[in-house]
Amino acid sequence: MKEVRYQLLFEGKVTPEDDMGMRMRIETRASFGAGLDPVFTTGAPQAVLEAVVEPDQYGHFTEEGQIVFGGGTVSFVNEGEGLIGECPDPSLQYGYVVRRIVSGTGAFEGATGYMVSAFTVGENAMLRDSQSAVIFLA
């Protein structure tokens, strides 16, 4: 097994996927900085995250999605429930979620690991997601 890690800032938009706002789509991108393992960066200038989030009335949510890296993709689901709520800055909401890798393609075939996310969402539905991950490659 090979252990790889990253810390990335994903930025993008949250949009309703249905009329009731019970399913939200997240589309974000993160530019690669120096020092990342080539499994992430080779063949792509940035990582792309797409996910579907289902919030409940108490500020919790479930999520599933994938991240496309240069070397392949990782698919994930949340571990436990994510949480979003009021922020000290009244123009933002903030929260966190732990994501568990459930499958992968390319260099990430058979990968396992976790991604931890702390994020903010602004009034204009712009999302800033600070992620840190530990991934084990088969």
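## How the model is described

This is a predicted model, in which local features need pLDDT of at least 70 and side-chain atom pairs count only at pLDDT 80 or more, while totals for chains, interfaces and linings use all residues. Residues are numbered from 1 along each chain as its sequence is written, and side-chain values use heavy atoms, with hydrogens and water left out.

## The aromatic rings

The structure holds six aromatic pairs, where rings of Phe, Tyr and Trp (its six-membered ring) pair if their centres lie within 6.5 Å, and where planes under 30 degrees apart count as stacked, over 60 as edge-to-face and the rest as tilted. In one of these pairs, the ring centres of Phe-69 and Phe-108 are 5.4 Å apart and the planes stand at 40°, so the pair is tilted. Because Phe-69 lies in strand β4 (residues 60-69) and Phe-108 in the loop between β7 (92-104) and β8 (112-122), the pair ties together parts that are 39 residues apart in sequence. Strands here are DSSP runs (E, at least two residues), numbered from the N terminus.

Phe-69 and Phe-108 are both buried, a word that means under 20% relative accessible area, whereas exposed means over 50% and partly exposed lies in between (1.4 Å probe, protein chains only). For Phe-108 the relative accessibility is 0%, and its C-alpha atom is 9.3 Å from that of Phe-69. Together with Tyr-6 and Phe-40, these two residues form one aromatic cluster. Leaving aside neighbours within four places in sequence, Phe-108 is in contact with residues including Val-39, Phe-40, Val-74, Ile-135 and Leu-137, contact being defined as heavy atoms within 4.5 Å.

## The largest pocket

What volume does the largest pocket have? It is about 330 Å³, a volume being the space filled by probe spheres set on grid points that are joined across faces, edges and corners. The points belong to a 1 Å grid over the protein atoms alone, on which a pocket is an open set of points with protein on both sides within 12 Å along at least five of seven lines, where a 1.4 Å probe is used and lining residues have an atom within 4 Å of a point.

The lining of this pocket is made up of 17 residues, and Val-14, Val-53, Ile-84, Phe-119 and Val-121 are the ones that lie nearest its centre. Two or more lining residues come from each of β2 (24-31), β3 (46-55), β4, β7, β8 and β9. By kind, the lining residues divide into 12 nonpolar, two polar and three charged, with Ala, Val, Leu, Ile, Met, Phe, Trp, Tyr, Cys and Pro counted as nonpolar, Asp, Glu, Lys and Arg as charged, and the others, Gly among them, as polar.

## Two buried residues with polar contacts

Asp-129 has its place in strand β9 and is buried, with a relative accessible area of 2%. Its side chain makes a polar contact of 2.4 Å with the side chain of Ser-117; such a contact is a pair of N or O atoms within 3.5 Å, and within protein one must be able to donate a hydrogen and the other to accept it, while residues adjacent in sequence count only if both atoms are side-chain atoms. Not counting residues up to four places away in sequence, Asp-129 also touches others, among them Leu-8, Phe-10, Arg-99 and Phe-119.

Thr-73, in strand β5 (residues 72-78), counts as buried at 14% relative accessibility. The side chains of Thr-73 and Thr-105 are joined by a polar contact of 2.7 Å, and Phe-108 is one of the residues that Thr-73 is in contact with.

Glu-3, in strand β1 (residues 2-16), is partly exposed at 40%, and its side chain is joined to that of Arg-5 by a polar contact of 2.7 Å.

Finally, Ala-125 lies in the loop between β8 and β9 (126-137), and its phi is near 65°, a positive value in a residue other than glycine.

Notes:
Helices (H or I, at least four residues) and strands (E, at least two) are DSSP runs, numbered from the N terminus.
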